[in-house]
Amino acid sequence: MAAQYQLVMHSGPTPGKVFPLEGDVITIGREAGNGIIINDAEVSRKHTQFVFQGGKVVVTDLGSTNGTFVNNQRLTGQHILQPGEIISLGEQITLLFESIVTVDPNATILSNAKPPAGLPPMPAAPAPRPQPISQPVTPPVYAGQIPSGPGSMAPAPAKAGGGSKTPMIIVGVIVLCLLCSCVAFGIYAYNAPCEFWQAIPMIGGGACP
């Protein structure tokens with residue numbers, strides 16, 4: 001199984017050295033049987049153990065003389081490590097616990113490469129259709145409708161020679177009244193008694209007709 005975590009020595013015999021945590025169980029110690037060998041007087045023959053469980057790394061001290069510390073806290077039992085934590089073996093050796101970021105070689109890589117020959121090119125996106133410009137709606141004008149504003153409708157021109165006929169009608173009525181009066185007077189005078197004619201000497205000479 002490829003290593004997912006590693007230890008990087010910050011201080012100790014070989015600063016900067018990287019120790020991959022490969023396998024389910026890994027021990028650190030001074031003797032040759034350990035997975036990670038650190039030849040230093042502060043390190044016990046079997047000092048610390050790392051166990052890979054459920055994607056996590058659990059660290060445990062193996063009863064070392066100088067102890068195992070995580071973030072300056074001495075271990076008295078198991079501890080689940082988090083990337084970035086500092087593991088100290090005694091007082092002089094410090095190791096940084098890190099997560100290894102791996103890249104899947106089969107992962108799809110986006111590139112600007114051209115498509116293989118024979119494949120039709122992707123159609124271009126259609127251009128947006130222009131939106132029609134709405135025109136103001138002019139309301140219809142009906143006969144006899146008053147225009148909405150000045151100048152919207154011109155006044156109808158007056159007809160030539162179309163003067164008022166009122167004076168002529170008045171004159172005709174007066175003439176008709178005079179004729180009717182004359183006819184009525186004639187009829188009355190013809191049938192009037194002698195006393196009427198005697199009262200008007202200028203017309204009948206005072207004699208009955």
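**How the strands pair**

Strand S3 (residues 25-29) and strand S5 (residues 48-53) are antiparallel partners, joined by four bridges. Keep in mind as you explore that this is a predicted model.

**Around strand S3**

- Isoleucine 26 has phenylalanine 50 in S5 as its bridge partner.
- S3 also pairs with strand S4 (residues 36-37), this time in the parallel sense, over two bridges.
- In that pairing, isoleucine 28 has isoleucine 36 in S4 as its bridge partner.
- Is S3 mostly covered, or mostly open? S3 is mostly covered, with four of its five residues buried.

**Around strand S11**

- Strand S11 (residues 93-99) pairs with strand S1 (residues 5-11) through six bridges, and the pairing is antiparallel.
- To find this pairing in the structure, look for tyrosine 5, which stands opposite serine 99 in S11.
- S11 also has strand S10 (residues 86-89) as a partner: the two run antiparallel and are joined by four bridges.
- Here, leucine 95 in S11 is the residue opposite isoleucine 87.

**The turn between S10 and S11**

- How many residues lie between S10 and S11 in their hairpin? There are three residues between the two strands.
- Glycine 90 sits in this turn and has a positive phi of about 75°.

Note on methods: Residues are numbered from 1 along each chain as its sequence is written. This is a predicted model: local features need pLDDT of at least 70, side-chain atom pairs count only at pLDDT 80 or more; totals for chains, interfaces and linings use all residues. Side-chain values use heavy atoms; hydrogens and water are left out. Two strands pair if DSSP finds at least two bridges between them. Buried means under 20% relative accessible area, exposed over 50%, partly exposed in between (1.4 Å probe, protein chains only).
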